[in-house]
Amino acid sequence: MSVFDRLQQFGSDSSAPKRSGAVTDKSRLAHAGGAAVRGLQAGFVATLIMTAFRLPILRSLPPSANFWAQYVSGGDPDDHPIAGIALHLLYGVQAGAVFGALFALQDAEESIEPEQRGLVWGTVFGMALSAFGSQIMLKELLDIRLDTDELALFHAGHFVYGLALGAWVGSRTEGVQDPDREYGYNDDDP
């Protein structure tokens, strides 16, 4: 039995009212668990996109290399490119899982498409991570002060991360059960 089946069995409640969309036959907990897995995937993809965006512009390793050098192995951050990238990828994947689960638990009107909500909330999430990263991780934990242009690019990178994350999660979290009925593909109206 898979983890997903276990979560579905654990969280199912036959007396709960049925919800529309992809959640109709799943419990809320199982839906969030599945969305967290999709969030892991999204976090991986979004971190790769963010890294591809920031590396040519900043021409430096992510600040996670500084974290590795300062708290794990010592030395210069430039001595740890693999560890810095791997740690940054790990952060992004974990944040993606958190976002996926939170996104699935969010109740929204059906008139707002999940892709649209994903773009909006993903961007908000990315900017919240950016604020946390710049204020807590960089300033307080690593004692790094970015100048204005570096800080703008730091925030832009997290904006790109959030946009990619939200697009991926929003487009995969809530499937349409009957596309012909939902989108009116078989309507005879001109």
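Which helix gives the most to the lining of the second largest pocket?

## Basis

This is a predicted model, in which local features need pLDDT of at least 70 and side-chain atom pairs count only at pLDDT 80 or more, while totals for chains, interfaces and linings use all residues. Residues are numbered from 1 along each chain as its sequence is written, and side-chain values use heavy atoms, without hydrogens and water.

## Helices α3 and α4

Helix α3 spans residues 64–73 and helix α4 residues 81–105 (helices are DSSP runs of H or I, at least four residues, numbered from the N terminus). Their axes come within 7 Å and cross at roughly 115° (axes are lines fitted to C-alpha atoms over the stretch in contact, with angles from 0 to 180 degrees between N-to-C directions). The two helices are therefore roughly perpendicular (65 to 115 degrees).

Ser64, Ala65, Phe67 and Trp68 of α3 meet Ala83, Gly84, Leu87, His88 and Tyr91 of α4 (contact means heavy atoms within 4.5 Å).

## The second largest pocket

This pocket holds about 410 Å³ of space (a pocket is an open set of points on a 1 Å grid where a 1.4 Å probe fits, with protein on both sides within 12 Å along at least five of seven lines; the volume is the space filled by probe spheres set on the points). The lining has 18 residues, with His88, Tyr91, Gly133, Met137 and His158 nearest the centre (lining residues have an atom within 4 Å of a point).

Helix α5 (114–141) is among the helices that each supply at least two lining residues. α5 gives the most, with five residues.

Definitions and conventions
Angles under 35 degrees count as roughly parallel, over 145 as roughly antiparallel, 65 to 115 as roughly perpendicular and the rest as oblique.
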